[in-house]
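Below are my notes on the model, as numbered points. Please read them with the structure open.

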Amino acid sequence: MQHVSAQVMRAGSAPLTGPGAHPPAETATESARPGSVPGASRAGLEIVLSRARVGILHRDLERRVLLVNDAFCAIVGRSSDELAGLPFEAFTHPDDRERSSRLYLEQLARAEPFEIEKRYIRPDGSATWCAV
């Protein structure tokens, strides 16, 4: 079983943690239509994603995958095409889905990051523990 830990820093701030280390809900993603990232924001995200050595997942407010980097794909054993548009529950271990979803909704309401250790399920059925 593989264990993974990742943190993402926002310039001038403390580490953000949470599923995919997402920023608080007041970011540009909230104003984007579901399933999209504005052009300039997407270009910036793609630069970060391509250079990061940790797994990063960027989702919309409906919890669907918008962008992932190669490191995240390696963690979950899926390609970016396979992950595109999936809700993160689709590859979260069934025993971790309820807690992960509850914390996500609480995080949105407070616009604060949270930490969770959870398992992702790979296509072969194996579980990968991650601290996100």
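What covers the buried residues of α5? Among the elements that do so are β4 (57-59) and β6; point 4 takes this up.

1. Basis. This is a predicted model, in which local features need pLDDT of at least 70 and side-chain atom pairs count only at pLDDT 80 or more, while totals for chains, interfaces and linings use all residues. Residues are numbered from 1 along each chain as its sequence is written, and side-chain values use heavy atoms, with hydrogens and water left out.

2. Overall layout. The protein has five helices and seven strands, taken as DSSP runs (helices H or I, at least four residues; strands E, at least two) and numbered from the N terminus. Their order along the sequence is β-β-β-α-α-β-β-α-α-α-β-β. Of the 132 residues, 42% are buried (buried means under 20% relative accessible area, exposed over 50%, partly exposed in between, with a 1.4 Å probe and protein chains only). Among contacts between residues at least 6 apart in sequence, 49% join residues at least 24 apart (contact means heavy atoms within 4.5 Å).

3. Nonpolar core. The largest nonpolar core has 17 residues, and V68, F72, V76, L83, F91 and Y120 touch the most other members (such a core is a set of buried Ala, Val, Leu, Ile, Met, Phe, Trp, Tyr and Cys residues joined through side-chain atoms within 4.5 Å). At least two residues of this core come from each of β5 (65-68), α3 (70-76) and α5 (94-110). The element that gives the most is α3, with four residues. Leaving aside neighbours within four places in sequence, Y120 has contacts that include F72, I75, V76 and F91, as well as S126, A127, T128, C130 and V132.

4. Helix α5. This helix has 17 residues and spans 25 Å from its first C-alpha to its last, close to the expected 24 Å at 1.5 Å a residue (the expected span is 1.5 Å times one less than the number of residues). Its buried residues are D96, S100, S101, L103, Y104 and Q107, and their cover includes β4 and β6. A111 follows α5 and lies in the loop between α5 and β6. A111 has a positive phi of about 55 degrees although it is not a glycine. At 29% relative accessibility, A111 counts as partly exposed.

5. Strands β6 and β7. Residues 117-121 form β6 and residues 127-131 form β7; the two run antiparallel and are joined by five bridges (strands pair if DSSP finds at least two bridges between them). Bridge partners include K118 with C130 and I121 with A127. Five residues lie between the strands of this hairpin, and G125 takes a positive phi near 90 degrees. Why is β6 described as largely enclosed by the rest of the structure? Because four of the five residues of β6 are buried.

6. The loop between α4 (80-83) and α5. H93 is located here, and counts as buried at 15% relative accessibility. The H93 side chain reaches the backbone nitrogen of D95 at 3.0 Å (a polar contact is a pair of N or O atoms within 3.5 Å; within protein, one must be able to donate a hydrogen and the other to accept it, and residues adjacent in sequence count only if both atoms are side-chain atoms). Beyond its neighbours within four places in sequence, H93 is in contact with R119, Y120, I121 and A127. F88 is in this loop too, buried at 3% relative accessibility. Setting aside neighbours within four places in sequence, F88 is in contact with R59, R63, S100, Y104 and K118. F88 and S100 are 12 residues apart in sequence, with 9.5 Å from C-alpha to C-alpha.

7. Loops on either side of β4. R63 lies between β4 and β5, is buried with a relative accessible area of 18%, and has a positive phi near 70 degrees although it is a residue other than glycine. G55 is in the loop between α2 (39-51) and β4 and is buried, at 14% relative accessible area. The C-alpha atoms of G55 and V68 are separated by 7.6 Å, with the two residues 13 apart along the chain.
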